[in-house]
Amino acid sequence: MKGYIFDFGGTLDTNGCHWGKFIWHAYERQHVPVNWEQFREAYIFAEQQLGKNAIILPTDSFRQTLDKKLRIEMERLVTQGYWYSSPLEVERLHAAVLDDLYSRVCEHVTCGREVLLRLKPQYPLVLCSNFYGNLTEVLKEFQLDGLFQDVVESAVVGIRKPDVRIYELALRSLGGVEAAVDVVVVGDSLKNDIRPARQIGCQAIWLKGEPWDSEASDNSASYSDEADRVITNILDLI
C-alpha cells in the first residue's frame, strides 16, 4: 500500500451507518411522532432541496449543515400533515435531535481522527466525498484539517460519486503513486465507494454499517466479495 483515499459522509462521521438511518434513529431516541415511511419521504425531499439550491454555504460548519438539513425535514413533515405539533414542540424536538446527532458524530469523528493520525506518518491520505461545498470548513471544525494532502469534494469539482472520474482525481492527488492497485479506498457504500474504486483498479475496504436500502444489507458472499476487506468499525483499520 502506498496511499489511502477516504470517504467522509457515512464513513468518518457515522462509522458506516447511512445518514438516513443515522438521523432516523435520533428521531426514535427523541420520540419524534412520525413513522419510518413519513421520515423517509421527508429525508429524500430534504436531500433533493440541498442538492438543487445553495442552502449550505461554504462557511457553514457541520453543525450548521445538520441544523439546516433537519429544519427542511421537519418542515416537510409538518406541511405534509405527517406531524401535528405546536411550533414550540417542533422547535424543541429539532434542538433535541440536533444535539443528539452532533454529539454522536463528534464521537465517531474522534475515532476516525485516531485512525488517520496513525496512518498519516506512513501513507499519503486524500479525502474524496460527495458533500455540499463546505467540507474544508467541516474538517477545521473537527480538527481534521492538515491530515489530508488533498480534498476532492463533489460540489467543488462538479463530479459526484459513483462517477469514477472523481476517484481518478483523488488518485492523481495522491502524487507519486504509479499504480492504482497500490491505493486503498475506504468507504461505507458499495455503490459510491467500493465499486468505482475497484473499477479503476484500487483496493477497497468496505466499512459495513447499517444501510439505507435492502441491497446493501445483503450478507451473502457475493456482496462481501466486492471488497478486498470488510470491516464493521473504523478502528479496525488500525
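A residue counts as buried when its relative accessible area is under 20%. Keep that cut-off in mind for helix H1 of this predicted model: eight of its eleven residues are buried, leaving the helix mostly covered. The buried ones are Trp19, Gly20, Lys21, Phe22, Ile23, Trp24, Ala26 and Tyr27. Their cover includes helix H2 (36-52), H3 and helix H4 (87-119).

Let's look at H1 against H3. The axes of H1 (residues 19-29) and H3 (residues 62-79) come within 13 Å of each other and cross at roughly 70°, which means that H1 is roughly perpendicular to H3. On the H1 side, Trp19, Ile23 and Tyr27 make the contact; on the H3 side, the partners are Phe62, Leu66, Lys69, Leu70, Glu73, Met74 and Leu77. Sort the residues of this contact by type and you get eight nonpolar, two charged and no polar ones.

Now for the sheet. Six strands form an open sheet in the order E3-E2-E1-E4-E5-E6, and the pairing is parallel. E3 and E6 stand at the edges with a single partner strand each, so one side of each has no neighbour in the sheet. From one strand to the next, the twist averages 20°.

E1 and E2 run parallel, joined by three bridges; in one of them, Ile5 is partnered by Val126 of E2. Helix H7 (residues 164-174) packs on the sheet, touching E1, E2, E3 and E4, and its direction makes about 165° with that of E2.

Here are some of the strands:

| Strand | Residues |
|---|---|
| E1 | residues 3-6 |
| E2 | residues 125-129 |
| E3 | residues 150-153 |
| E4 | residues 183-187 |
| E6 | residues 229-231 |

Key
Residues numbered from 1 in each chain as written. Predicted model: local features only at pLDDT ≥ 70, side-chain atom pairs only at ≥ 80, totals over all residues. Heavy atoms only, no water. Axes fitted to C-alpha atoms, helices over the stretch in contact; angles between N-to-C directions. Helix = DSSP H or I, 4+ residues; strand = E, 2+ residues; numbered from the N terminus. Parallel < 35°, antiparallel > 145°, perpendicular 65-115°, else oblique. Contact = heavy atoms within 4.5 Å. Nonpolar A, V, L, I, M, F, W, Y, C, P; charged D, E, K, R; others polar. Buried < 20%, exposed > 50% of the residue type's maximum accessible area, 1.4 Å probe, protein only. Pairing = 2+ DSSP bridges.
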